[in-house]
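This report describes selected features of one protein model. Please keep the structure in view while reading.

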Amino acid sequence: MTSIAALYRGRESLPLRTRALFTFGAVAALHAAAVVLLLAGNTGAAAPQALSWGLVLTAYLAGVKHSYDWDHLAAIDNSTRKFVAQQQDPVSVGFAFSLGHSSVVTLAGVLVIGGASAVGGLMQDGTAGNLVLGLIGSGVSGLFLLAMGLFNGSAFARSAAAVRRSRNGAAIDPRDLEPQGLVARILARPLARVRRPRNIYVIGFLFGLGFDTATTIGLLMMTTAASLGGVHPLALLALPLAFAAAMTLCDSVNGMAMMRMYRSALGDPRRRLGFNAAVTGISAISALFIAGITLAGFFHAAFSLDDPVTGWLSSIDLGEAGLLLVALLLAVWGGAALASRQPRNN
């Protein structure tokens, strides 16, 4: 244990590839745990094994789908941008965020399987507990994305100004890739505790208190336990673990891709400065857009508003919109890659 603790304390000095292997090793361990629990629960079980496998596959696919919600992508993207601007290599931002988010689902699942009927009451739509948890989750996520959007908006303004100067023949200052100015100074204190990728775990956990995903998986488990008394509790525990495994895998891949995009802006500042400004602008706009939707939903629920604007914003489904953000970022990245292959005109 002492050597493990020492290795953890010195993890930032490890090579990037080693830290990435540790991250994806943890993701693989979650997959293995879900499979082991499913196999153990199906050993000698009276319930049909095909049904258990089908439910776990459904939970896994739900985790994949949820990882591409726009709020997930905006949180991971903007957090990664902040760490890269501070000269860090945040290989585990996506993993930490999704692990925190799925911890809510896993904890709820364990309590439900353990017979805590109060958890089922909390997850019912319209109850006071569900409303309070939803307000906590939406309030935290909205404010966090608002802060990140403003922080990266400051970076975008600085990058855009640097692009204009470079076109006039000015040299590129490496500090142009780091947010500075009034907005960055204002947000320095609120974001001071988000210094390492592991701090994003707490943000992910608080995002998860909205209980949208916990409701889906929790109700699935309760329905299964009620209608199929023969399903072993170990097989039921595989459901939230499969959800967590899928979400951590996709979010870890997303986080690594974001890190590579932003680190590429450090390699050749003059050629990639425009790319850096474009992607940072997309990140800032997406964060502010999602923050507006989330906070509108927060005020709509907290104050029982009946106006059409907050009502419409609170009803927007962010799931499919996330794929649009992925496509947009990939298009910018692909365009930058093609441009980098073109010979530079002197």
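## Crossing helices

A crossing of two helices is called left-handed if the near helix is turned anticlockwise from the far one by less than a right angle, and right-handed if the turn is clockwise. In this predicted model, helix 4 passes helix 5 in a right-handed crossing.

Helix 4 comprises residues 70-85 and helix 5 comprises residues 93-113; the two pack at an angle of about 140°, and their axes are 9 Å apart. Helix 4 is therefore oblique to helix 5, because an angle must be over 145 degrees to count as roughly antiparallel.

## Confidence of the prediction

The protein has a mean pLDDT of 74, and 66% of its residues reach 70 or more. Confidence is lowest in helix 6 (residues 117-122), where the mean is 51, and highest in helix 2 (residues 16-42), where the mean is 91. Where pLDDT is low, the predicted coordinates should not be read in detail.

## Helix 2

Helix 2 contains 27 residues. From its first C-alpha to its last, helix 2 reaches 39 Å, close to the 39 Å expected at 1.5 Å a residue.

Which residues of helix 2 are buried? They are Arg 19, Ala 20, Thr 23, Val 27, Leu 30, Ala 34, Leu 37, Leu 38, Gly 41 and Asn 42. As a general point, an α-helix has 3.6 residues a turn, so residues three or four places apart point the same way.

## Aromatic pairs

A pair of aromatic rings is described by the distance of the centres and the angle of the planes. The count for this model comes to four aromatic pairs. One of them is the edge-to-face pair of Phe 144 and Phe 207, at 6.3 Å centre to centre and with 85° between the planes. This pair links distant parts of the chain, since Phe 144 lies in helix 7 (residues 128-167) and Phe 207 in helix 9 (residues 200-208), 63 residues apart. Both Phe 144 and Phe 207 are buried. Ring pairs also join Phe 97, Phe 144 and Phe 207 into a cluster.

Phe 299 and Phe 303 form a stacked pair, with 5.8 Å between the centres and 15° between the planes. Phe 299 counts as partly exposed, at 39% relative accessibility, whereas Phe 303 is exposed, with a relative accessible area of 54%.

## A residue of helix 12

Ser 286 belongs to helix 12 (residues 269-302). Is Ser 286 buried or exposed? Its relative accessibility is 3%, so Ser 286 counts as buried. The C-alpha atoms of Ser 286 and Asn 78 are separated by 9.1 Å, although these residues are 208 residues apart along the chain.

How values were computed. Residues numbered from 1 in each chain as written. Predicted model: local features only at pLDDT ≥ 70, side-chain atom pairs only at ≥ 80, totals over all residues. Heavy atoms only, no water. Phe/Tyr/Trp six-rings, centres within 6.5 Å; stacked < 30°, edge-to-face > 60°. Helix = DSSP H or I, 4+ residues; strand = E, 2+ residues; numbered from the N terminus. Buried < 20%, exposed > 50% of the residue type's maximum accessible area, 1.4 Å probe, protein only. pLDDT = per-residue confidence, 0-100. Expected span 1.5 Å × (residues − 1). Axes fitted to C-alpha atoms, helices over the stretch in contact; angles between N-to-C directions. Parallel < 35°, antiparallel > 145°, perpendicular 65-115°, else oblique.
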